Amino acid sequence: MKVELDRGKYRDKSEDENMAGSNLSLSSNSSLSSRSNITIVYDNENNEGFTNGWGFSCLIDTGETKILFDTGWDGCVLLHNLKKAHISPEEIDKVVLSHQHWDHIGGLPVLLKIHPDIEVYVPASFSKRLKDEISARANLIEVSEATKICHSVYTTGELDTDEKGMKEQSLVINSANGLYIITGCSHPGLTRIINAASQFGTVTGIIGGLHGSTDYKMLEGMNLIAACHCTVHKKEIAMQFPDAFKAVGAGWEFLIPTD
Ligand SMILES: [Zn+2]
Ligand SMILES: [Zn+2]
């Protein structure tokens, strides 16, 4: 199915959601007013001028910290799309890898060659050989439990999947409107991912690959469903959630107000 991409910037103007209690104490009552800019820089689909390819990568710029979530497969495509989005690889502070599939980690070596001092957050269950390779070239940080990455950005921690030996983490971005989840392939399933994110508050949006998930009820009430990459049931999701669904690809960016 070919879905027309939304090319404009997404701005959410709904009112503050009440943040539920969290043992990681999200700083929702800070008086600082800022915005996080989220740009998809690798996807199966693309906006004009960007290159597509099987995989996913997304840049989150909080204003203070630039986080690259996943790296796609082809480092050259990743660099091209970063350049097109006016993001310098040297400015990236941290990389978070969702899971160890080739279409999410393949761009990492090229990035580390340019910028070897970067922090790379990986699920602790990554293979020892892969962790050894990364730690030889970068500052490896292993993630097991939910962890703060920087102001307003958290990881769910590694979540179980049905595939043996494969765990996956998703990012959670705290905004004035609620929480946005950035997910790689969603192998743990929407129920596990959204339940894990919900410990921090109310989830208002999700961006990334939703794989074959049919847990559509978990998406109810969201105001943004940017289902892309490996999402099998885009058409069904678009039909069930016509207002929230956005067809997106590499080059799509939007702003969310953080606290
Ligand atoms: Zn995968
Ligand atoms: Zn994937």
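**Overall make-up**

I counted the secondary structure elements and found 6 helices and 16 strands in the chain. I note here that the model is predicted. The chain has 259 residues, and I get 50% of them as buried. I then looked at contacts with a sequence separation of 6 or more: residues 24 or more positions apart account for 62% of them.

**The sheet**

I traced an open sheet of 6 strands with mixed pairing, in the order S8-S9-S12-S13-S14-S15. S8 and S15 stand at the edges with a single partner strand each, so one side of each has no neighbour in the sheet. From one strand to the next, the twist averages 25°.

I looked up the pairing of S13 with S14 and found that the two run parallel, joined by 5 bridges. Ile181 has Ile206 in S14 as its bridge partner. Helix H5 packs on this sheet and touches S12, S13 and S14. I recorded an angle of about 140° between the direction of H5 and that of S13.

**Helix H5**

How many of the residues of H5 are buried? I find 6 of 8, so I put this helix (residues 190-197) down as mostly covered. The buried ones are Leu190, Arg192, Ile193, Ile194, Ala196 and Ala197. I looked for what covers them, and the list includes strand S10 (159-160), strand S12 (171-175), strand S13 (178-183) and strand S14 (203-209).

Leu159 counts as buried because 21 C-beta neighbours lie inside 10 Å, where the cut-off is 20 or more. Beyond four places in sequence, Leu159 is in contact with Lys167, Glu168, Gln169, Pro188, Arg192, Ile193 and Ala196. I also checked Leu159 against His99: the two are 60 residues apart along the chain, and their C-alpha atoms are separated by 9.9 Å.

**The nonpolar core**

Which residues touch the most other members of the largest nonpolar core? I find Cys58, Ile181 and Ile225, in a core of 68 residues. In soluble globular proteins, nonpolar side chains tend to be buried together.

I listed the contacts of Ile225, leaving aside its neighbours within four places in sequence: Ile206, Leu219, Ile237, Phe241, Ala244, Phe245 and Lys246.

Next I looked up Met222, which is in the loop between S14 and S15. Met222 is buried because 20 other C-beta atoms lie within 10 Å. Outside four places in sequence, its contacts are Val203, Thr204, Gly205, Ile206 and Ala244.

I noted Ser152 for a positive phi of about 75°, although it is not a glycine. Where is Ser152 found? I place Ser152 in the loop between strand S8 (147-150) and strand S9 (153-155). I count Ser152 as buried because it has 26 C-beta neighbours inside 10 Å.

His229 is another residue other than glycine with a positive phi, near 45°. I find His229 in the loop between strand S15 (224-228) and helix H6 (234-240). Is His229 buried or exposed? I count His229 as buried, because 29 C-beta neighbours lie inside 10 Å.

How values were computed
Residues numbered from 1 in each chain as written. Chains lettered and ligands numbered in written order. Predicted model: local features only at pLDDT ≥ 70, side-chain atom pairs only at ≥ 80, totals over all residues. Buried ≥ 20, exposed ≤ 12 C-beta atoms within 10 Å, placed from the backbone. Helix = DSSP H or I, 4+ residues; strand = E, 2+ residues; numbered from the N terminus. Contact = placed C-beta atoms within 7 Å. Core = buried A, V, L, I, M, F, W, Y, C linked by C-beta atoms within 7 Å. Pairing = 2+ DSSP bridges. Axes fitted to C-alpha atoms, helices over the stretch in contact; angles between N-to-C directions.
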